[in-house]
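This report describes the fold of one protein chain, from the whole chain down to single residues. Please consult the sequence and the structure shown here.

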Amino acid sequence: MENKSILIIGAGALGSVFLENSRGMFKKVGIFDGDIVSKSNLLTQPFYSGCDFSSPISKTSFAVGKMSSLDSSTEYQGYERYFTESDFRIMKEYDIIADFTDNVKSRLTINEGCIREGKPAVFASLNDKEGFLYFYEGNACFNCLFRNSIGRVKEGCESMISAPEKEFITFLMESVSEFVSGGIKGSEIRVFNLANKKILKSTVKRDPECEACARHTSNSLGNGFIQICSSGIKFSYGKGIDLGVLSGRLSGSKLYGEYLVYNKGNKSMLVSLEGDFLFSGYSKSEAEELIHSFLA
Ligand SMILES: [Zn+2]
């Protein structure tokens, strides 16, 4: 395990506790967070208590400095920003991804990246009743779980009023170690009940309808990549599109400079010269059908 690398996304209550307890466990540790350390963090994130607040410092920068001084055998690399799609390429440099963010939107982005880059991942959250871990390794993804259990996957740290307790930290560190060393195969949920300290284990099946990992999305659109986001369905072709030709094929479409707009009833499609498509009101299969017809 000491020869593995891990990318930690989110250095808040959970991420900072994991970092502090993972000394010497990894060859290289990446830390992603865009937050500045604030005094209000100290209650739930004692990791930052050495911060002097004389000038603003990011959690990432503080964490890299602190961990490097505590653990000279590990290489710590910081990324002082929030993780977005343009950071998927950074995942390539690590063996395992650890999601310690506290909102579902970030989790779904991270999940997307792990599927694309083929990286195993652990998704962790903690609220005042339970700690939750989900292990992904190429089968059922976080979205397979999430889309079937709306309301059951709770947002993390917002309801936390104190730092994670010792028993939970032990559960977290032991479970992640087990995963990193191959003892957990993925598609597994572990829930730690903070009241009675009991651990519930369960496995998740891949959802064939999953927007994020369903097989038919992976190769059928050439080099392009389709994804569901809050504004609709996005597809990136990966290269430029001749909008004049496309407009000729699509009666009723209009060209506006670098964009083509197509409206039909309550459905609309926007295509950019650069090859980005945005569909609103379309189902995923309708959008795929349209893309196929254009790219044929
Ligand atoms: Zn999935």
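In what order do the eight strands of the open sheet stand? The order is S3-S2-S1-S4-S5-S6-S7-S8, with mixed pairing; strands (E, at least two residues) and helices (H or I, at least four) are DSSP runs numbered from the N terminus, and two strands pair if DSSP finds at least two bridges between them. Strand S3 (75–79) and strand S8 (199–203) are at the edges with a single partner strand each, so one side of each lacks a neighbour in the sheet. On average, neighbouring strands of this sheet are turned by 15° against each other, direction ignored.

The model is predicted: local features need pLDDT of at least 70 and side-chain atom pairs count only at pLDDT 80 or more, whereas totals for chains, interfaces and linings use all residues. Residues are numbered from 1 along each chain as its sequence is written.

**Overall architecture**

The protein chain has nine helices and 14 strands, and its C-alpha atoms fill a box of roughly 65 × 45 × 35 Å along the principal axes. Of its 296 residues, 34% count as buried; a residue is buried if 20 or more other C-beta atoms, placed from the backbone, lie within 10 Å of its own, exposed if 12 or fewer do, and partly exposed in between. An automatic or database assignment divides the chain into domain 1 (5–203) and domain 2 (216–295). The centres of domain 1 and domain 2, taken over C-alpha atoms, are separated by 35 Å.

| Strands | Sense | Bridges |
|---|---|---|
| S4 and S5 | parallel | three bridges |
| S5 and S6 | antiparallel | six bridges |
| S6 and S7 | antiparallel | six bridges |

Within these pairs, Asp 99 has Phe 123 in S5 as its bridge partner, Val 122 stands opposite Phe 135 in S6, and Phe 135 stands opposite Glu 188 in S7. S5 and S6 form a hairpin with three residues between them. In a regular strand the side chains alternate between the two faces of the sheet. In S5, Ala 121, Phe 123 and Ser 125 point one way, Val 122, Ala 124 and Leu 126 the other, and all are buried.

S4, H4 and S5 make a right-handed β-α-β unit: with the strands pointing away from the viewer, the path from the first strand over the helix to the second runs clockwise. Helix H4 (residues 104–117) lies across S1, S4, S5 and S6, at about 170° to S4. Helix H6 (residues 166–180) lies across S4, S5, S6, S7 and S8, at about 5° to S6. These angles run from 0 to 180 degrees between N-to-C directions of axes fitted to C-alpha atoms, for helices over the stretch in contact.

**Cores and selected residues**

A nonpolar core is a set of buried Ala, Val, Leu, Ile, Met, Phe, Trp, Tyr and Cys residues joined through C-beta atoms within 7 Å. The largest such core has 58 residues, and Ile 97 and Val 122 are among those with the most contacts inside it. A second, separate core of 10 residues includes Phe 235 and Leu 260.

Glu 167, in helix H6, is exposed because 12 other C-beta atoms lie within 10 Å. Ser 58 lies in the loop between strand S2 (28–32) and helix H2 (59–70), and is partly exposed, with 19 other C-beta atoms within 10 Å.

Note on methods
Two residues are in contact if their C-beta atoms, placed from the backbone, lie within 7 Å.
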